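Subject: Structure handover

Hello,

Here is the structure for you to look over. My notes on it follow below.

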Amino acid sequence: MNRVHIKTYGCQMNERDSEAVAAMLRARGYRIVPSEDDCDILLLNTCSVRDAAEQKAIGKAGYAAARKRREPDFVLGILGCMAQNRGADLLERLPDVDLIVGTQKFHRVPDYLDNLRAAREAGIPIAEAIVETGSEEGSQNTIRDHMEGPGRRVCAFVSIQQGCDMNCTFCIVPRTRGDERSRPMEDIVRECEELAGRGVREVTLLGQIVTSYGRRDHPREAGASPFVQLLERVHEIPGIERIRFTSPHPRGFRRDLTEAFSRLPKLGEHVHLPVQSGSDSILRAMNRPYSRERYLEIVRMLKAAQPAMAFSTDIIVGFPGETDEDFERTRTLCEEVDYDMAYVFKYSVRTGTPAATMPGQVPEAVRERRNQALLEVLRAGSLRRSTSLVGAVQEVLVEGPDKTGMRLSGRTRANRAVVFEGPGRLAGSLAAVAITDASVSTLYGSLVPAGAGLQSAACPASL
Ligand code: SAH
Ligand code: F3S
């Protein structure tokens, strides 16, 4: 009765939260099982950012509820953003759910499950679902790394902040994740040091708006924002070879941050820089406090700091009021920036956000057409950029076996996936790989033997 399966929807923060819940449950004697068919307790960690994500989780919960009617002891819980967003209303759609736990109460899940189990074992019928969606002071500090189990991990996510205060008019996150709260810098640095001690070589600092990290808790120092101070601290940790972060906000890219990319080599040559739209009037309606020109200026500053800089982004097509001309501006912006990769989203109405009631809602057919048109532009750009790397030697942080288990996979400094042949012991090291082939999202290559004289000067690989 103690086998738990956790199914995660949505972003890396949700993955991170699920890992933390799994670790807490293991510590209480629960078993985390890989298959939902073999579990006694199914927890769905949900996403609300677009309607499709909610519908997926609701579909899965409906399916699991049918099992619950056959097996009364089976436990079904809904955690995370949709639990926070919809709370007890979910019970109307899903009356069989036992547990609804919001984003600031993940750490309470083990207690709730213990209580449910104890009640069942004592034969006490449970009439009502547990619904817990309040806010909790200090909850940003409860999600930390719980790396355990076999297998060395090379890359780890480190939560630095929860919530967001920006109120982009399309976005449900401020409602599902609450106010911006940052973890203390010392805690984050200590966690990164521990990770490095356990073999982690790359950390990704996670938050909804990481560039605002600590803005209420730390003063700027010598022109450096608290976020840049944090990057500097993590950069000093021996063993950490690469530092990534997601998601930043363009307004956080002042000179201190753009220059950090020339000063701090562990940042690599990649930035995820969500733009959302290339049209100033749409950016204004989205409450995104930058213009197309300011965004392009940031891109130029970053390219000046690192000429090989690769960019990825998030784009919404079909925001209310978006005309063909607005969309055209987004398309030309994509060409101008020359992204390596972009997540394109069709605008999805989120009840309770200001954009939901704006005039000029764009028909689905138009959203779909713009989506396809943009994906085509981006695909062609990605392929051109990958193909341009054929013949080059790249520094690859080796993560381990690829999907087939036959070859190794890793990432370049610019965050491109690379697949190549080599011995498994290279996991966790930096290798020089000569690129021989490229697809839209993956590079293929072969190891450059140490001492072959082919290593690029920037590559400290020791094989
Ligand atoms: N700062 C957060 C943003 C979360 S939402 C983070 O990345 O961690 C991620 C992306 O989803 C946004 O950048 C936006 O492009 C997209 N998105 C958010 N709300 C949306 C909506 N209502 N419809 C379509 N896409 C949306
Ligand atoms: Fe959402 Fe905008 Fe914050 S996209 S997470 S409100 S920066």
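A polar contact here is a pair of N or O atoms within 3.5 Å; within protein, one must be able to donate a hydrogen and the other to accept it, and residues adjacent in sequence count only if both atoms are side-chain atoms. By that rule, a polar side-chain atom of Asp314 sits 2.7 Å from an oxygen atom of ligand 1. Ser247 also places a polar side-chain atom 2.7 Å from an oxygen atom of ligand 1. Taken alone, ligand 1 exposes 540 Å², and the protein buries 88% of that (accessible areas by the Shrake-Rupley method, 1.4 Å probe; for residues, only the protein chains shown count as cover).

Two points on the basis. This is a predicted model: local features need pLDDT of at least 70, side-chain atom pairs count only at pLDDT 80 or more, and totals for chains, interfaces and linings use all residues. Residues are numbered from 1 along each chain as its sequence is written, chains are lettered from A and ligands numbered from 1 in the order written, and side-chain values use heavy atoms, with hydrogens and water left out.

Ligand 1 first. It is surrounded by 15 residues (a heavy atom within 4 Å). The closest are Gln208, Ser247, Gln276, Asp314 and Ser348. By class, the shell has 6 nonpolar, 5 polar and 4 charged residues (Ala, Val, Leu, Ile, Met, Phe, Trp, Tyr, Cys and Pro are nonpolar; Asp, Glu, Lys and Arg charged; the others, Gly among them, polar). Strands E13 (310–317) and E14 (341–346) each supply at least two shell residues (DSSP runs numbered from the N terminus: helices H or I, at least four residues; strands E, at least two).

The peptide bond from Thr246 to Ser247 is cis, with omega near -10°. Ser247 lies in the loop between strand E11 (242–246) and helix H9 (255–263).

Ligand 2 next. Its surrounding residues include Cys164, Cys168, Cys171 and Gln208. The shell has 7 nonpolar, 3 polar and 1 charged residues.

Now the domains. The chain divides into domain 1 (3–132), domain 2 (139–387) and domain 3 (393–447), with bounds from an automatic or database domain assignment. Domains 1 and 2 each give at least three residues to the shell around ligand 1. Their C-alpha centres lie 29 Å apart.

Best wishes
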